[in-house]
Amino acid sequence: MSAFIPGPRARVAATSAGPLDGLRFAVKDLIDVAGTVTGGGNPDWLASHPAASANARCVDMLLAAGATLDGKTITDELAYSLEGENHYYGTPLNPRWPHALPGGSSSGSASAVAAGDVDFALGTDTGGSVRVPAAFCGLWGMRPTHDAISLDGVLPFAPCFDTVGWFARSLDVLAAVGDVLLPSDSVRSPTHPTQLVRVGEAFATRERNEPDDAARLVKLAESLGASTGRNVFAGDEARWLACYQHVQDFEIDATLGAWIRSTQPLFGPSIAERFARLNALDRTQASQWRALHDELRGVIATLFESNVVLIMPTTPVALLSKHASGDAIGVFYQDALTLNSLATIGGLPQITLPFVDAIDRPLALSIIGARGSDRALLALARDLYSRHTHANLQ
């Protein structure tokens, strides 16, 4: 199945020479390209909106840096999924593990990069929509600090969580794109060595689902210097998940609710169930849930007061089969949203590092840094991966 939306490929030449000369990229179909309709993965959205009058700001930055746009990619409908399936346009291929889903909602972007169709691709990440497909497709992936990259020209989903992220097959390309898109770090450079700390609950979730993989990932994290662990959620994972989902619902209602109520769009079955949550939304509770969001964000901020970087499995399972049952997908979805809520609620940068071992399945770890530490986190990723590669050559 193609990673790209149906119809002629949207192609735009670089507007000037720069550090991304010769690189081709694609963008998720939530991101505007002038002269094309941003379809959002849903035919009713496509039919009810005009062509974009201008490129998204992030697209213009890449074109000005020498990169060439080479297509728009399939997304799960209006970004409301982590699996990578689209009821109308199909499921983009997971090139390395074709029996498995590619992960979503930036499914087409991850597929296009993993297949070598483009050098890198933009996605969006709210609750894990870059992080999950990066892990499932064996790619480098970055969710930046919230608000680090302009969302001008990006279809909004839950703006207080939405970010523009990207995929690459190599860290060099991931970092080169970051050099173009990211502002200077807003936090001070470390004055003492980084303390790499394992997120205990994330490894425990993987242990519950895949004990052998969990053991490998713990060993890998320890080899990178993560000798200590911490239970970040303090036994209250359900509260974190509920906070994320309620605040997300209020955000979706504000951005998409009026269109949904007036248009009555046809969503695929699984996506329809998720948007149906808006029908039960108690808008009188908005301030209560937003206050909890602020409280948890404060808890997260204290984690990084001692130059800590967190490390965790990016996903609760290595892969999700194309034939996974509805129950299995439901468990995955809840577990993934819970783990991803840490960076999402905190507005933190998170980088997925792809590791693969002899059992030929993706093993991905993520590192999470303080708000505004994106460039330092990229430098740390390079150091950690170099350390891992050197150790394996011994």
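Predicted model: local features only at pLDDT ≥ 70, side-chain atom pairs only at ≥ 80, totals over all residues.
User: How do you know that domain 1 and domain 2 are in contact, and how many residues take part?

Analyst: Contact means heavy atoms within 4.5 Å. By that test, 51 residues of domain 1 are in contact with 59 residues of domain 2. The area buried between the two domains is about 4900 Å², with carbon and sulfur atoms giving 63% of that. On the domain 1 side, Tyr-80, Arg-131 and Phe-161 lose the most area to domain 2, together 16% of what that side buries.

User: Why is the Glu-83 and Arg-274 pair called a salt bridge?

Analyst: The cut-off is a side-chain nitrogen of Lys or Arg within 4 Å of a carboxyl oxygen of Asp or Glu. Glu-83 and Arg-274 meet at 3.2 Å, N to O, and since the limit is 4 Å, the pair therefore qualifies. Four salt bridges are counted between domain 1 and domain 2, along with 26 residue pairs in polar contact.

User: Which elements supply the side of domain 1 that touches domain 2?

Analyst: Helix H1 (43–47), helix H4 (131–136), strand S5 (140–143) and helix H5 (171–181) each supply at least two residues. The largest share is from H5, with six residues. Sorted by class, that side has 27 nonpolar, 15 polar and nine charged residues.

User: Why are S1 and S8 said to stand at the edges?

Analyst: Start with the strand order: this is an open sheet of eleven strands, running S1-S3-S2-S4-S6-S5-S10-S11-S9-S7-S8 with mixed pairing. Strand S1 (11–12) and strand S8 (228–230) each have a single partner strand, so one side of each is left without a neighbour in the sheet.

User: How do you know that S5 and S6 (residues 163–168) count as paired?

Analyst: Pairing needs at least two bridges between the strands. S5 and S6 have three bridges, in the antiparallel sense, so they pass that limit. Within this pairing, Gly-141 stands opposite Phe-167 in S6.

User: What makes Asp-125 and Arg-143 a salt bridge, and which parts does the pair tie together?

Analyst: Their closest N and O atoms are 3.0 Å apart, and the limit is 4 Å, so the pair counts. Asp-125 lies in strand S4 (residues 120–125) and Arg-143 in strand S5, so the pair ties together parts that are 18 residues apart in sequence. The structure holds 25 salt bridges.

Technical notes
Residues numbered from 1 in each chain as written. Heavy atoms only, no water. Buried area = accessible area lost by both parts, 1.4 Å probe. Polar contact = N/O pair within 3.5 Å; in protein donor to acceptor, adjacent residues only side chain to side chain. Helix = DSSP H or I, 4+ residues; strand = E, 2+ residues; numbered from the N terminus. Nonpolar A, V, L, I, M, F, W, Y, C, P; charged D, E, K, R; others polar.
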